[in-house]
Amino acid sequence: MNSFKAIIKSLLDSLRDLLPIIGVITFFQLFVLQQPIPNFTEIAIGILFVVMGLTLFVHGLNMGLFPVGENMAYAFAKKGSLFWLLVFAFSLGFGTTVAEPALIAVAKEASHVAAVGGMILDTDESRMSYAFGLRITVAVSVGFAILVGVLRIIKGWPIQYLIITGYIGVVIMTFFAPEEIIGIAYDSGGVTTSTITVPLVTALGVGLASSIKGRNPMIDGFGLIAFASLTPMIFVMGYGMVV
Amino acid sequence: MHIFTDLFHVILATIWDVLPIAAIIFGFQLFVLRKAMPNLKKILMGFLLVLLGLAFFLEGLEAALFPLGKLMATQLTNLDFILQGAAESTLNWWHYKWVYLFAFAIGFATTIAEPSLLAVAIKANQVSAGSISIWGLRIAVAIGVAIGIALGVFRIVTGTPLYWYIITGYVFVVIQTFFAPRLIIALAYDSGGVTTSTVTVPLVAALGLGLSTTVPGRSPLLDGFGLIAFASLFPIMSVMVYAQISEWVSKRNKDKPTQ
């Protein structure tokens with residue numbers, strides 16, 4: 001009976017998370033655009049799906065993704081091999097990004113921009129190889145970001161100096177990169193980190209910071225995502241300059 | 001109902017997305033760490049729930065909210081709607097007032113529903129032993145995204161260069177970093193990256209595309225980008241402001257009884 005109550009409560013929580021979107025869309029549809037809401041049943045079923053999905057996700061998060069990230073962090077800290085930890089960090093960043101659907105979409109879009117801007121030939125083949133190169137570039141940059149971020153947790157470097165250095169890198173690259181690529185490069189920072197990567201990487205960082213003496217999980221544990229959203233900007237602009 | 005057959009495809013696609021992650025984790029577990037994972041059954045169950053959850057979530061959004069939201073973005077940015085009968089030569093940035101409001105509202109609303117932000121908020125709440133509240137962080141981030149996207153829309157309408165805004169934003173973030181409580185800095189930087197994923201990106205992309213197609217003088221290929229960049233920058237500032245305000249409030253509350 002108690003678990004039933006808990007399920008109802010978490011379903012209600014998920015519904016509450018969704019209310020703002022439903023409210024905004026209803027308001028604009030009825031009052032600004034002044035149109036009726038189409039396919040009411042389809043929408044109701046869809047909302048039910050979203051609520052269920054969010055509830056399952058949150059439960060899975062606490063059962064699966066968080067413990068995995070933490071366990072791996074503890075196991076690596078116990079093993080004491082920095083080399084393997086860094087290899088793991090890079091593979092995790094690279095592996096989760098290279099197949100990311102949002103990135104595939106952005107890379108395709110970017111290849112169109114490059115073709116229109118005359119940076120590459122406007123053929124299917126050259127566009128595809130451009131998009132693929134871009135994907136690999138972003139994936140390498142995220143792998144590199146997680147690697148540096150993990151190294152930072154181990155060494156206890158303050159995050160702001162690294163991030164500010166990254167910002168300076170972005171600003172310098174902006175002045176040299178072709179103008180057409182800048183918008184995509186800036187956006188690529190935001191799209192690389194998926195819904196599965198974020199909890200995993202966050203738990204890894206917090207786990208590492210709590211298993212190493214002298215590190216504070218709040219100050220040192222967070223920040224991996226920040227690196228992962230900064231380096232793609234620099235690397236994509238670099239890619240635009242080279243290709 | 002094709003929503004159920006679509007769901008099946010989405011589940012397959014989600015499995016495909018998770019495979020590389022699972023391969024890396026279990027590969028390292030088996031060959032490098034060479035130890036059984038504690039509570040393996042429970043963890044696998046958790047992965048399964050995450051998979052199913054994401055699939056339902058995505059399919060639900062695709063069936064219910066995205067079509068309407070995307071259509072709305074196109075209709076709101078349509079010149080006929082913007083001008084409301086006025087001549088095109090009189091068009092100025094204020095005609096887009098509903099678009100700014102929509103950008104602000106949808107930015108806020110989609111961020112509240114963003115699962116990865118929820119995950120980070122739960123973690124931050126655990127790690128800070130409750131001093132960072134889940135809702136406080138989520139609302140702070142959502143306000144940042146809302147302001148960011150509204151300003152990003154204003155940029156597309158006025159056609160000013162993206163990097164002016166972003167570089168100015170960086171300067172603000174750097175200055176704020178020196179004044180913000182130390183505990184929040186890493187989390188604030190992180191919140192820039194977690195805000196834009198499953199829910200926000202498709203709707204915001206539709207808005208950017210709609211605007212850059214219809215605003216005279218803009219090209220969707222060159223001006224349609226940049227909204228995500230705004231949405232990843234402004235939460236950094238709003239989270240630091242949130243931390244400064246909560247620090248200030250708790251300080252004032254502490255001082256009161258002694259007076």
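Biologist: How far apart are the closest N and O atoms in the salt bridge between A:Asp13 and A:Arg16?

Modeller: A:Asp13 forms a salt bridge with A:Arg16 (a side-chain nitrogen of Lys or Arg within 4 Å of a carboxyl oxygen of Asp or Glu). This is a predicted model, where local features need pLDDT of at least 70, side-chain atom pairs count only at pLDDT 80 or more, and totals for chains, interfaces and linings use all residues. Residues are numbered from 1 along each chain as its sequence is written, chains are lettered from A and ligands numbered from 1 in the order written, and side-chain values use heavy atoms, without hydrogens or water. For A:Asp13 and A:Arg16, the closest N and O atoms are apart by 3.4 Å.

Biologist: In which helix do A:Asp13 and A:Arg16 both lie?

Modeller: Helices are DSSP runs of H or I, at least four residues, numbered from the N terminus; strands are runs of E, at least two. A:Asp13 and A:Arg16 are three residues apart, about one turn of the helix. Both lie in chain A, in helix H1.

Biologist: Why are A:Asp13 and A:Lys9 separated by about one helical turn?

Modeller: Their side chains meet in a salt bridge at 3.3 Å, N to O. A:Lys9 is exposed at 51% relative accessibility, and A:Asp13 is partly exposed at 27%. The two are about one helical turn apart because they sit four residues apart in helix H1 (residues 2-32) of chain A.

Biologist: What share of the residues in chain A is buried?

Modeller: The C-alpha trace spans about 55 × 55 × 30 Å along its principal axes. Contact means heavy atoms within 4.5 Å. Among contacts between residues at least 6 apart in sequence, 79% join residues at least 24 apart. Of the 243 residues in chain A, the buried share is 56%.

Biologist: How much area do chain B and chain A bury between them?

Modeller: 96 residues of chain B are in contact with 94 residues of chain A. Buried area is the accessible area (1.4 Å probe) that two parts lose on being put together, summed over both. Carbon and sulfur atoms hold 81% of it, and the total is about 8,600 Å².

Biologist: Which three residues supply more of the area that chain B buries against chain A than any other three?

Modeller: Together they supply 8% of that area. They are B:Lys123, B:Tyr170 and B:Phe225.

Biologist: Is B:Lys123 buried or exposed?

Modeller: The structure holds six salt bridges over all chains, and the count between chain B and chain A is two. In one salt bridge, the side chain of B:Lys123 meets that of A:Glu70 at 2.2 Å, N to O. With a relative accessible area of 3%, B:Lys123 is buried.

Note on methods. Buried means under 20% relative accessible area, exposed over 50%, partly exposed in between (1.4 Å probe, protein chains only).
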